Amino acid sequence: MEKKVFAIIVTYNAMRWIDWCLESLRNSCVETTVIVVDNCSTDDTRSHIPSAYPEVVWMPQDRNLGFGQANNLGMRYALENGADYVLLLNQDAAVDKNAIRHMLEVSDGESLVTPLMFNGDGTRFDTMFGYTIKDVSISLLSSMILNGSLPEKAFIGETCAACWMMPVSMIRRIGGFNPLFFQYGEDNNYYQRIRYNKICNILAPKARIYHDRGLVGNVLAYKTKQLRRDMILVACDINSSLGKCLLKELRLLVRCYVYDLPKKSYKPGTFICEAFWILLHLRSVIESRRKERQVGICWL
């Protein structure tokens, strides 16, 4: 029986990549329902997509919701319309024609599935992806040398959400992205919950996608509130008790103070401000940890 796949793309000023991205889904050998959630773009994205791609489920927003919350809207739509799988795909990424088919072939219907992620022109691994699978890549290379082909699948750890194939059963168990994260960190937090629920991440080595970015996508957005984001990520990790998380917070602050302050990465008052922010929002963090431990849909 054919599986219903819904692809979600969150856009913000996406004109540089959007045709490349959406045309790759049009050319996929697996038919997908494409949902585009636009975070109040200020370029031509909002006029171009609905006119050039009338088949797309178009969900323009009147403000920037951030990556996680915009994806939550798309996931909710997919679940309400009978999806079996949800494919998260960045606006600056494109799928190979057979990528979705290969991901479906290795799926067990419960685990996250991740393709091989290359840079925009396909000449090397996406930088962050290559870093996260550095141990697995040796076994993949060994398999190619010894067997002359890639294995059907491999089990890996955390990978970025530039392209995730998410079974609906997993979403119904874990829920959507945590609203405490606006941009960056939401996929790290989601993977903490995947680990907590003992769900696997399956690599589909025959599935390829291309991600046209540098080390991180928007460098300015990545560096803004980076310390706060790292602190929230530590505080929300349900794989550790709240007491252990707060001790980790203290070690994080000390490490940043010792190593980053002399490099002028942060202003001296930043550490106090961010620690105070966490304490001020501790109630929200505790509530977040409670919801993340529950089995079932949350934040959708």
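**Arg-228 and the fold around it**

Colleague: Why is Arg-228 called buried in this predicted model?

Modeller: Arg-228 has a relative accessible area of 18%. The term buried applies under 20%, so Arg-228 is classed as buried. This residue is found in helix 10, which covers residues 226–235.

Colleague: What makes the pairing of Arg-228 with Glu-274 a polar contact?

Modeller: The side chains of Arg-228 and Glu-274 approach each other at 2.6 Å. The cut-off for a pair of N or O atoms is within 3.5 Å, and therefore the pair counts as a polar contact.

Colleague: Which residues is Arg-228 in contact with, leaving aside its neighbours within four places in sequence?

Modeller: They are Glu-274 and Trp-277. Contact here requires heavy atoms within 4.5 Å.

Colleague: Turning to the whole protein, how many helices and strands does it have?

Modeller: There are 13 helices and nine strands.

Colleague: What share of the residues in the protein is buried?

Modeller: Buried residues account for 50% of the 300. As for contacts between residues at least 6 apart in sequence, 77% join residues at least 24 apart.

Note on methods: Residues are numbered from 1 along each chain as its sequence is written. This is a predicted model: local features need pLDDT of at least 70, side-chain atom pairs count only at pLDDT 80 or more; totals for chains, interfaces and linings use all residues. Side-chain values use heavy atoms; hydrogens and water are left out. Helices (H or I, at least four residues) and strands (E, at least two) are DSSP runs, numbered from the N terminus. Buried means under 20% relative accessible area, exposed over 50%, partly exposed in between (1.4 Å probe, protein chains only). A polar contact is a pair of N or O atoms within 3.5 Å; within protein, one must be able to donate a hydrogen and the other to accept it, and residues adjacent in sequence count only if both atoms are side-chain atoms.
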